[in-house]
Amino acid sequence: MGKVAVAFAAAAAVIVSCSVAAVMVGRRVKSRRKWRGVVEILKELEEACDTPVGRLRQVVDAVAVEMHAGLASEGGSKLKMLLTFVHHLPIGTEKGTYYALHLGGTYFRILRVLLGGERSYLDVQDVERHPIPSHLMNSTSEVLFNFLAFSLERFIEKEGNGSSSSQRELAFTFSFPVKHSSISSGALIKWTKGFEISEMVGKDVAECLQGALNRRSLDMHVAALVNDTVGALSLGYYHDPDTVVAVVFGTGSNACYLERTDAIIKSQGLLTTSGSMVVNMEWGNFWSSHLPRTSYDIDLDAESSNPNDMGFEKMIGGLYLGDIVRRVILRMSQVSDIFGTTLSMLSEPYVLRTNSVSAMHEDDTPELQEVARILKDLGVSDVPLKVRKLVVKICDVVTRRAGRLAAAGIAGILKKIGRDGSGGITSVRSRSETQMQKRTVVAVEGGLYMNYTMFREYMEEALVEILGEEVSQYVVVKAMEDGSSIGSALLVASLQS
Ligand code: ADP
Ligand code: MG
């Protein structure tokens with residue numbers, strides 16, 4: 001090669017390496033810009049989900065105000081404040097064998113309890129829990145109830161022959177809104193939590209089950225139709241008569257509490273021997289402009305089977321938390337390639353379950369291997385540690401908001417019944433030492449609360465923040481495992497005795 005040619009080749013090599021370097025620098029700049037975009041999305045999420053205690057107190061006030069409005073007139077509030085016709089709760093002297101069938105949002109449960117006539121003699125003899133086959137959620141009422149009756153029949157068959165000569169008394173724990181006409185009858189108002197059997201709306205739920213039991217010639221009597229929160233309250237009260245509120249955090253979320261009948265203004269003339277009645281709030285439908293709503297919530301709602309409905313539930317229910325997290329990750333994956341460039345499952349609704357959110361959130365391995373595994377299952381492989389940390393942060397933001405809003409909901413009920421230390425929003429006159437300091441037990445159950453430690457901790461922390469240290473000492477939150485079903489069976493027992 002001549003001198004000129006060598007010089008030319010050397011110059012060309014310099015040019016090539018310069019342009020390679022330029023490309024690399026360009027890429028780095030681009031990827032830094034993309035990372036900045038992702039960080040921006042996280043920042044926006046954090047701001048939109050922010051729940052300082054001042055904001056929570058506004059939610060507390062709104063809950064109390066809506067409770068009043070819902071009690072004042074039918075349709076007076078998004079909170080339906082439904083009558084349950086439960087005015088006596090089990091006290092511990094109940095005796096006998098009782099059954100409960102619980103249709104939740106994800107699971108159905110069947111159990112049998114034996115009661116010996118004193119509190120300590122509560123024997124849960126058999127419990128079954130199965131996922132609700134998903135095809136039933138949008139089948140027909142006949143298919144659904146035939147399935148439930150068939151499941152009950154199999155449950156009873158396990159007892160063997162001759163275990164019961166008399167009719168079996170059954171509680172039907174039903175975790176959807178019902179307009180009761182008595183404790184054992186009520187019409188479905190609407191479905192929630194993804195159920196869609198439209199022909200069922202307006203039908204008597206207990207009658208549907210009784211009909212299906214009769215068709216199978218099962219000698220079982222649907223003695224009570226019980227909202228799951230009312231079941232949890234019953235078990236709470238059975239163990240501790242200071243229990244006046246119950247909340248469920250499972251697939252969805254709801255609360256009930258013991259109300260004075262004279263405060264249920266929309267049902268004037270309602271008389272009960274106890275002077276009180278359990279009110280099913282259906283708080284999943286609570287709404288207030290003070291709730292911190294994000295664009296992800298808006299999209300989730302719009303694409304759900306029940307748009308413009310159950311706004312509070314969609315921020316705190318187990319069915320939804322996973323999908324909010326998924327939507328944030330999806331948005332990030334659209335502005336950058338940090339979640340890879342191959343097609344993932346991230347655009348599939350509800351593919352990320354809240355169980356996985358808690359597993360990622362509570363992943364304590366140094367390399368966040370659980371996060372990596374779950375992302376891989378979603379078709380997102382080889383994400384660096386930095387990105388895994390980002391995912392944990394998203395889970396934290398979404399669940400922290402949920403836990404804190406849940407606490408505001410509970411504090412709202414306490415405020416309404418004058419157990420928040422402020423004497424209630426309408427009765428400043430009745431403020432007294434004793435009223436302020438009455439011990440109050442809140443029974444809590446549901447898969448989200450029982451299994452997601454961080455959700456539980458955020459909720460309990462926020463409750464203390466809202467109520468203050470002093471009042472908090474009088475408010476006891478008690479977990480009730482399987483409370484909905486066991487408590488419903490106890491309630492049926494208390495009706496018989
Ligand atoms: P149901 O709502 O059918 O009565 P549960 O009360 O058991 O049933 O709640 C089930 C829901 O709880 C699940 O759909 C899920 O959203 C949530 N959940 C269950 N286990 C966990 C977990 N380990 N982490 C987070 N959420 C969970
Ligand atoms: Mg439940």
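Student: At what angle do helix α10 and helix α11 pack in this predicted model?
Tutor: In this predicted model, helix α10 covers residues 369-377 and helix α11 covers residues 385-416. Their axes are 10 Å apart. The packing angle between α10 and α11 is about 85°.

Student: Is α10 roughly parallel or roughly perpendicular to α11?
Tutor: Angles of 65 to 115 degrees count as roughly perpendicular. The angle between α10 and α11 is about 85°. Therefore α10 is, relative to α11, roughly perpendicular.

Student: Which residues of α11 make the contact with α10?
Tutor: On the α10 side, the contact is made by Val371, Ala372 and Leu375. By class, the contact of α10 with α11 has five nonpolar residues, no polar ones and one charged residue. From α11 come Arg388, Val391 and Val392.

Student: At roughly what angle do helix α2 and helix α14 cross, and how are they oriented to each other?
Tutor: Helix α2 spans residues 53-72 and helix α14 spans residues 453-467. Their axes come within 10 Å and cross at roughly 85°. Because 65 to 115 degrees counts as roughly perpendicular, α2 and α14 are roughly perpendicular to each other.

Student: How many charged residues does the contact of α2 with α14 have?
Tutor: Val53, Leu56, Arg57 and Val60 of α2 meet Ala462, Glu465 and Ile466 of α14. By class, five of the residues in this contact are nonpolar and none is polar. The number of charged residues is two.

Student: Which residues come nearest to ligand 1?
Tutor: There are 18 residues around ligand 1. By class they divide into four nonpolar, 13 polar and one charged. Those that come nearest are Thr106, Tyr107, Arg109, Thr251 and Ser358.

Student: Which elements each supply at least two residues of the shell around ligand 1?
Tutor: One of them is a strand, β3 (107-116). The others are helices α8 (318-335), α9 (354-361) and α13 (447-451). The elements asked for are β3, α8, α9 and α13.

Student: How far does a backbone N or O atom of Thr106 lie from an oxygen atom of ligand 1?
Tutor: A backbone N or O atom of Gly105 lies 2.9 Å from a ligand 1 oxygen atom. For Gly318, the distance from such a backbone atom to an oxygen of ligand 1 is 3.2 Å. For Thr106 it is 2.7 Å.

Student: What share of the accessible area of ligand 1 does the protein cover?
Tutor: On its own, ligand 1 has 570 Å² of accessible area. Of that area, the protein covers 88%.

Note on methods: Residues numbered from 1 in each chain as written. Chains lettered and ligands numbered in written order. Predicted model: local features only at pLDDT ≥ 70, side-chain atom pairs only at ≥ 80, totals over all residues. Heavy atoms only, no water. Axes fitted to C-alpha atoms, helices over the stretch in contact; angles between N-to-C directions. Helix = DSSP H or I, 4+ residues; strand = E, 2+ residues; numbered from the N terminus. Parallel < 35°, antiparallel > 145°, perpendicular 65-115°, else oblique. Contact = heavy atoms within 4.5 Å. Nonpolar A, V, L, I, M, F, W, Y, C, P; charged D, E, K, R; others polar. Near = heavy atom within 4 Å. Polar contact = N/O pair within 3.5 Å; in protein donor to acceptor, adjacent residues only side chain to side chain. Areas by Shrake-Rupley, 256 points an atom, 1.4 Å probe, with all protein chains shown as cover.
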